[in-house]
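Here's a quick briefing to read alongside the model. Take a look at the fold first, then go through the points below.

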Amino acid sequence: MSNFFDGLETRAPEQREQALMTALPGAIAHAQARAPALARQLAGVDARAITSRAALAALPVLRKHELLEGQQRSRAAPGPASAEKAFGGYATLGWGRALRVFASPGPIYEPESGRPDYWRFGRALYAAGFREGQLTYNCFSYHFTPAGSMMETAAHAVGCTVFPGGTGQTEQQVMAIRDLGPSGYTGTPSFLKIILEKAEELGVRLDTLRHALVSGEAFPPSLRDWLSARGVQGYQAYGSADLGLIAFETEAREGLVVGEDIIVEIVRPGTGDPVREGEVGEVVVTTLNPDYPLVRFGTGDLSAVLPGQSPCGRTNLRLRGWMGRADQTTKVRGLFVHPSQVAEILRRHPQAGRGRLVITGATGADRMVLRVEADGAPAELAQAIAESVRDVTKLRAEVEVHAPGTLPNDGKVIEDARSYD
């Protein structure tokens with residue numbers, strides 16, 4: 001039996017890149033023609049010219065708050081309710097072709113069509129040990145959010161039967177697992193821990209559970225080891241309700257392998273500018289999903305690309321995992337300061353490299369220091385940057401110039417280090 005979901009996972013990287021870049025112009029043209037909101041985002045863009053990552057990087061990033069605001073404006077517009085109004089013009093399908101519609105916090109409404117493995121989690125399940133002919137015990141929610149359907153459609157793609165356990169009713173979950181004997185669990189790692197603890201409390205053995213695909217929350221090594229001690233090998237997957245699968249863990253346990261059929265970039269927070277390999281930044285994804293064709297969608301999550309290929313044999317990019325949030329907007333002396341403003345300040349000074357705005361002090365006595373990397377910077381650079389800070393943020397800040405490579409590589413451009421005691 002193959003260790004891989006399909007042959008796409010082991011393609012030569014240049015073959016994958018060529019396939020993605022070949023498909024990209026058609027995907028963008030389709031979005032422009034069928035999704036009015038995407039047509040506005042990509043106004044003036046010649047889809048035929050978007051055939052490289054450099055060309056893609058010149059397109060605007062769609063932030064999650066912009067998607068939400070676009071949907072809200074659409075739903076508030078005069079006229080009867082419709083699929084186009086509900087999705088804000090970001091989807092290309094209406095009622096009927098959309099088999100289900102879900103709501104994630106906001107609410108943001110997402111469609112699901114009848115395409116097999118619509119959310120593309122099948123390869124994540126396969127990497128976690130799920131195989132044809134097994135029973136999957138699915139404890140993700142089946143209402144409002146798409147997590148339950150994500151795992152169910154993925155399990156069907158692998159060839160598994162699914163029990164829709166959902167959430168809550170822990171004692172009943174224990175008894176159903178005892179009676180049905182599933183080999184795999186899908187859900188949050190904390191709920192699996194609760195179920196296994198309840199089983200121990202009740203004196204019920206759940207020996208059939210051997211593997212789990214978990215998501216939706218942190219999965220620290222301590223919890224992974226706790227599950228392993230009870231015979232369950234847990235693997236994590238990273239995705240979103242907007243994009244479906246982004247990346248997944250494999251038996252190599254070295255980062256998360258990016259899923260096929262999406263293009264992942266890591267950009268400097270507050271900008272659309274790709275960072276160097278290994279540098280922490282915001283995860284931006286372009287999906288080739290023709291039903292919900294998001295282009296350069298900013299997830300708001302921080303991560304970084306791991307160099308090299310996974311020892312498991314999969315050849316796609318690897319991410320280090322979730323490393324925090326990119327939206328570091330904070331309020332200083334009554335005014336909001338945004339990562340995009342820090343990016344604008346640095347953009348005005350080509351001598352400057354990375355920057356980090358550190359806010360210290362106590363409530364009502366804020367102090368801002370902008371730490372900037374620069375090589376052989378002239379003495380007047382700090383003063384010039386301080387003037388740009390005042391111009392862009394309307395606030396005063398001290399400026400410190402540091403040698404290149406000395407600022408932390410954690411994706412933070414705004415660090416709120418104030419004391420709130």
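Predicted model: local features only at pLDDT ≥ 70, side-chain atom pairs only at ≥ 80, totals over all residues.

- Ten residues from domain 1 and nine residues from domain 2 make up the contact.
- On the domain 1 side, Pro269, Gly270 and Val280 lose the most area to domain 2, and together they account for 45% of what that side buries.
- The interface of domain 1 and domain 2 has one salt bridge across it.
- Asp273 and Arg347 meet through their side chains in a salt bridge, at 3.9 Å from N to O.

**Aromatic pairs**

- Searching the whole structure turns up five aromatic pairs.
- One of them is Phe5 with Tyr126, an edge-to-face pair with 6.1 Å centre to centre and 70° between the planes.
- Phe5 lies in the segment before helix H1 (13-34) and Tyr126 in helix H6 (residues 122-127), so this pair ties together parts that are 121 residues apart in sequence.
- Phe5 is partly exposed at a relative accessible area of 25%, while Tyr126 is buried at 11%.
- Tyr137 and Phe163 are stacked, because their ring centres are 5.0 Å apart and their planes are at 20°, which falls under the 30 degrees that counts as stacked.
- That pair links distant parts of the chain, with Tyr137 in strand S4 (residues 135-138) and Phe163 in strand S5 (residues 161-164), 26 residues apart.
- Tyr137 counts as buried at 1% relative accessibility, whereas Phe163 counts as partly exposed at 28%.
- Phe102, Tyr118 and Trp119 come together as one aromatic cluster.

**Charges over rings**

- Lys193 has its charged end over the ring of Trp226, 4.9 Å from the ring's centre.
- Arg253 lies over the face of Tyr235, and here the distance to the ring centre is 3.9 Å.

**Backbone spots to check**

- Gly106 and Pro107 are joined by a cis peptide bond, with omega at about -5°.
- You'll find Pro107 in the loop between strand S2 (98-104) and strand S3 (108-113).
- Arg120 isn't a glycine, yet it has a positive phi of about 70°.
- Arg120 sits in the loop between S3 and H6, and with a relative accessible area of 14% Arg120 is buried.
- Lys394 is another residue other than glycine with a positive phi, near 65°.
- The loop holding Lys394 runs between helix H12 (381-393) and strand S20 (398-402), and Lys394 is exposed, with a relative accessible area of 59%.

**A buried serine in a loop**

- Ser310 is placed in the loop between strand S14 (305-306) and strand S15 (318-319).
- Although Ser310 is in a loop, Ser310 counts as buried at 6% relative accessibility.
- Setting aside neighbours within four places in sequence, Ser310 is in contact with Thr250, Ala252, Val257 and Arg318.

Note on methods: Residues numbered from 1 in each chain as written. Heavy atoms only, no water. Phe/Tyr/Trp six-rings, centres within 6.5 Å; stacked < 30°, edge-to-face > 60°. Helix = DSSP H or I, 4+ residues; strand = E, 2+ residues; numbered from the N terminus. Buried < 20%, exposed > 50% of the residue type's maximum accessible area, 1.4 Å probe, protein only. Lys NZ or Arg CZ within 6 Å of the ring centre and 35° of its normal. Contact = heavy atoms within 4.5 Å. Buried area = accessible area lost by both parts, 1.4 Å probe. Salt bridge = Lys/Arg side-chain N within 4 Å of Asp/Glu carboxyl O.
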